[in-house]
Amino acid sequence: ANYAVKSLTKEATHKTGSAPVIISVDSLGREEQKITETIRRSTIEHLIVPFDAPYLRELLISVKKALPSLQIYGTLHFTIGAENKKLHWQDYEGMYMIFAGPIWIGNDYLFANARDASAHDAVDLIIKSVKQVGTDREAIKNYLMEIHYDEGMTGPIAFDEMGNRTRLPVLTRIVQGERIPIPYR
């Protein structure tokens, strides 16, 4: 989570010209009122939640109630955590979340959550790599750096020189308790 926050801070600063406000929370979520007040006083318009924790549901509901115009975004890590806890999406109404998708077959989900779909793709890519180049770690890494894999359950897969997936993630918004994909413009 710390690495993700540093990376996100660097990118946000680069894109906007000003550093984002970083609000640290204790690991037990005991300061809900204080955090809500800090957000209210900061006059921020966008809140990015880079991780998931057991207390975040209640905190986000409290923040959204206190600041209904605040735009809240959850990273893929946050989304996977919420899916693992089998939370109701209506608790996150209006929130934007990154999703690994697409994982649809017709009108049905092939995988119930982003973690399972991502894990399927990772295992599938490793098997494909081993079949092509053997078990040498460096050969597998080099093979994956050059791959353009269109059969991924989460969409086409390719990597940049840093090993990051080049495909843009799916941004969704929670509307009436459902995750609705937002098309790129």
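Here are some questions and answers about a predicted model of a single chain.

Q: In which element of the chain is confidence highest?
A: The mean pLDDT of the chain is 81, and 86% of its residues reach 70 or more. Confidence is lowest in strand E4 (residues 104–105), with a mean of 46. At the other end of the scale, with a mean of 93, is helix H6 (residues 137–146).

Q: Are H5 and H6 roughly parallel or roughly perpendicular?
A: Look at helix H5 (residues 114–133) beside H6: their axes come within 9 Å and cross at roughly 115°. Angles from 65 to 115 degrees count as roughly perpendicular. So H5, relative to H6, is roughly perpendicular.

Q: How many nonpolar residues are in the contact of H5 with H6?
A: From H5, the contact uses Leu 125, Ile 126, Lys 128, Ser 129, Val 130, Gln 132 and Val 133. H6 brings Ala 139, Ile 140, Tyr 143 and Leu 144. Sorted by class, there are two polar residues and one charged residue, and the number of nonpolar ones is eight.

Q: Which residues does Tyr 143 touch, not counting those up to four places away in sequence?
A: Tyr 143 lies in helix H6 and belongs to the contact with H5. Its C-alpha atom is separated by 9.9 Å from that of Leu 125, 18 residues apart along the chain. Leaving out residues up to four places away in sequence, Tyr 143 touches Lys 128, Ser 129, Gln 132 and Val 133.

Q: How many charged residues are in the contact of H2 with H3?
A: On the H2 side you can find Glu 32, Ile 35, Thr 36, Ile 39 and Arg 40. On the H3 side are Glu 58, Leu 59, Ser 62, Val 63 and Ala 66. Five of these residues are nonpolar and two are polar, while the charged ones number three.

Technical notes. Residues numbered from 1 in each chain as written. Predicted model: local features only at pLDDT ≥ 70, side-chain atom pairs only at ≥ 80, totals over all residues. Heavy atoms only, no water. pLDDT = per-residue confidence, 0-100. Helix = DSSP H or I, 4+ residues; strand = E, 2+ residues; numbered from the N terminus. Axes fitted to C-alpha atoms, helices over the stretch in contact; angles between N-to-C directions. Parallel < 35°, antiparallel > 145°, perpendicular 65-115°, else oblique. Contact = heavy atoms within 4.5 Å. Nonpolar A, V, L, I, M, F, W, Y, C, P; charged D, E, K, R; others polar.
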